[in-house]
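Here is a brisk report on one protein chain. Look over the sequence and the model, then read on.

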Amino acid sequence: MERITLFVEVLLPLPLAKSFTYRVPFDYNDYVEVGKRVVVQFGKKKLYSGIIVEVHDRLPESSSVKYILNILDNEAIVNAYQLKFWNWLSEYYMAHRGDVMNAALPSAFKMASESKLVLHPDFDKNYDILNEKEFLIVQALELNEELTLTEVSKIVDLQKIMPLVKNLIEKSCVLPQEEIKDKFRPKMESYVRLSEKFTEHNNLEKITKELEKKAFKQLELLLAYIQYSKFLTKENIEISKTFLLKKSGISAGILSALVEKGILEIYQKSQSRIKDFASVKSVDSIILSDAQQLAKEQIESSFKEKDICLLHGVTGSGKTEIYIKIIEKYIAKGQQVLFLIPEIALTAQIINRLRQYFGNKLGYYHSKYGNNERVEVWHRVGQQNDNQYQIIIGARSSIFLPFTNLGLVIIDEEHDTSYKQFDPAPRYQARDAAMVLANMHGAKTILGSATPSLESYYKGRKGKYGLVELKERYARLNMPVIEVVDIVEARKKKEMNSHFSKHLIENITEALDNKEQIILFQNRRGFSLRLVCDSCQWTPECNNCDVSLTYHKGLNRLKCHYCGASKDVPVICPNCGSKKLAMKGFGTEKIEEEMPVFFPNAIVKRMDLDTTRSKNAYLQIINDFQDRKIDILVGTQMVTKGLDFDNVSLVGVLNADNGLFYPDFRAFERSFQQLTQVSGRSGRKYKRGKVIVQTSQPHHAVIRDVVENDYFGMYKSQMEERVNFKYPPFYRLIRISLKHRDYNVLNAGASHFANLLKPKLGARVLGPEYPMVARVKNLFIKNILIKFEIKASHKAVKVIINDAMDDMYKVKEFRSIYIQPDVDPM
């Protein structure tokens, strides 16, 4: 049989634009397959695991083609849909394919290269040339075939061991060896079974009689095993060691004695880290209101002509019940459903609701999962058998899962900015990417929101998407009453206590007296926004970023929210020596501390980035609030997003001005969305809720639109501005950020780059300009904004940008400038 020389194109998880060609050893010819991982050498010493994206027999131009070293998978872990999707993400968002692969794969799939040491084959055992620590290493290697650098570090009790290793290599005592280390470890559990000899009835009867005379406890345990495994009925149920010891109440020592006698055996079996649940309710038990039923029928009708439908339903209108009804139809056809949510905080409630109806068919995927759990979910989405997850609930990273038969994508709270990936690349918008993914699978998409993004609503009104309006709350419950407090007037009348108006305190008191719960919203974490010297107005700033530091009382530190750096709180002003240092502004931490002053018997908790860093912190806070163990929940934007608590009667917005004056064309839209969403947490089940909005701008158009729940009024006014000033949805945006440590190099480079773009793009190029925070992590930043017509070819514009980047890097002094394109910036 003729031997064929095969080559593979391998994509590596590195910021590189292309794949690399490797030769396939003849023995591997039958095993290479697109989507499998292989181990390859890249560079002089590094080993990486990459994904095969093509198998071919074309001779490469280079004569020095390296061989693949190993194949890591029995079956492909990445399918053709995913590779096509990765290519689209790379092209549309101007990201390297390697960056897309790095974002897509769970980190346990990306193998790490770990250096090991072995004895040099020519080592002549001349120990006289070794010092004491070098001798310890060589001695250990004589006892072991190889040692990792971690093991070497422990042997010599040193952190910095590279000088030692270097000396041993130079003395020809040891050699380095690179080995790929698989990060994924299946969870193993010990199981118990009868030894083969005693599976025969006669032998089993004989040993039970012997144990009855000499070791009654061992007999008890053996009989317990026979009972729970149903051995005598031939059902052959597998029994775990933990289960057997717990049920029998007998010690592990007795089990060890039976194993030593060869009666029982212990064997290992891989177990899922993810707990399965059975469904307990039928979808038929959900009774939709007339308005919900009409909305569901309109969505299904729109799918006959359009692939995407926007469901604009007010807060509390019961969108989730409509989703459940529609999901059932798709999984009944054997198809998969992707349910996207913007925040991990939402997963707990949504999962608990959907799990009641879909049980083990439902899985979830997000960043709080460990590496091993992520791999398990990945495999269960991709496998085509009864164990497959048909429904996945997840945040933006779940668009990368290996769906094989995607039928429906639901994007809840589609307006949310959390769907946008900011850093690192690829800087994708998960909402838009999910719609492209659905299109690749021939699937339908539902966009859901009480406050849709203006771009989505515009497309719905223009007929590009289906548009379904659900304008009443479930059970025709009234929308909450929204009352505005003018804090300027309140201060004049001395009706402000710290940051709380008299009106807000009175309503909190009433709600607590009625055993009802309260949500207080302040979109700033920390205790105080800044420390200021009253004498000279000095404010402590971050050494690495052009931003003031925020005081965190729990840490008693000043902290930068951009780079994470922190400082001690000064006792005197380092600028003028004054002791008159005052805290200005307030965050969630300060509200949490001050609440017990006004309401000493109330239980107050805070939900923000600082309190939800641990794996299950979100879930704990949400469950406690759901179970009414918390009276007042203080939070940032996390509390605004889709949470459903039936006992919340009051929402307080402590400062509605925060987002109104932010220098961004989306500022009014986002303020409206945020205020409307947090208002919607009030009065969702049994009674009409109340919202109190504290602001210094009570007559501002956005505040009035929120009070009147007038989304269309806000939409109409914003569309007029977007047309006039050339913003989405009428124009596309690409923002290019240039970064460098040297201020002067950046200035020269940014101007040069803009001049490279302007000959072809002209007035569409704006800048370069410094952003609000012009230095982050010691890198100065300048932005160039490109606005171009919606009908223009975005591919042509990106070619111009890429050509300009190539020309930029031809100039020696500008090669060290980071250039980061951000397509459709938020």
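The model is predicted. Other whole-chain values follow.

| Property of the protein chain | Value |
|---|---|
| Buried share of the 826 residues | 51% |
| Distance between mean positions of the 119 positive and 100 negative charges | 3 Å |
| Share joining residues at least 24 apart, among contacts between residues at least 6 apart in sequence | 75% |

The secondary structure of the chain comes to 24 helices and 36 strands.

The largest nonpolar core holds 139 residues. Within it, Trp86, Ile327, Ile399, Ile736, Phe753, Leu757 and Ile801 touch the most other members. What does tryptophan 86 touch, leaving aside residues up to four places away in sequence? Its contacts are Leu11, Val78, Val100, Met101, Ala104, Leu105 and Phe400. A second core is separate and has 22 residues, including Val192, Leu194, Ile239 and Leu264.

Strand β14 spans residues 362-365 and is covered on both faces. Leu362 and Tyr364 are buried on one side. Gly363 and Tyr365 are buried on the other. Strand β15, residues 391-394, runs parallel to β14, and 4 bridges join the two. Which residue of β15 is the bridge partner of tyrosine 365? That partner is glycine 394.

Conventions:
Residues are numbered from 1 along each chain as its sequence is written. This is a predicted model: local features need pLDDT of at least 70, side-chain atom pairs count only at pLDDT 80 or more; totals for chains, interfaces and linings use all residues. Side-chain values use heavy atoms; hydrogens and water are left out. Buried means under 20% relative accessible area, exposed over 50%, partly exposed in between (1.4 Å probe, protein chains only). Two strands pair if DSSP finds at least two bridges between them. Contact means heavy atoms within 4.5 Å. Lys and Arg count as positive and Asp and Glu as negative; His and the chain ends are not counted. The place of a charge is taken as NZ of Lys, CZ of Arg, CG of Asp or CD of Glu. A nonpolar core is a set of buried Ala, Val, Leu, Ile, Met, Phe, Trp, Tyr and Cys residues joined through side-chain atoms within 4.5 Å.
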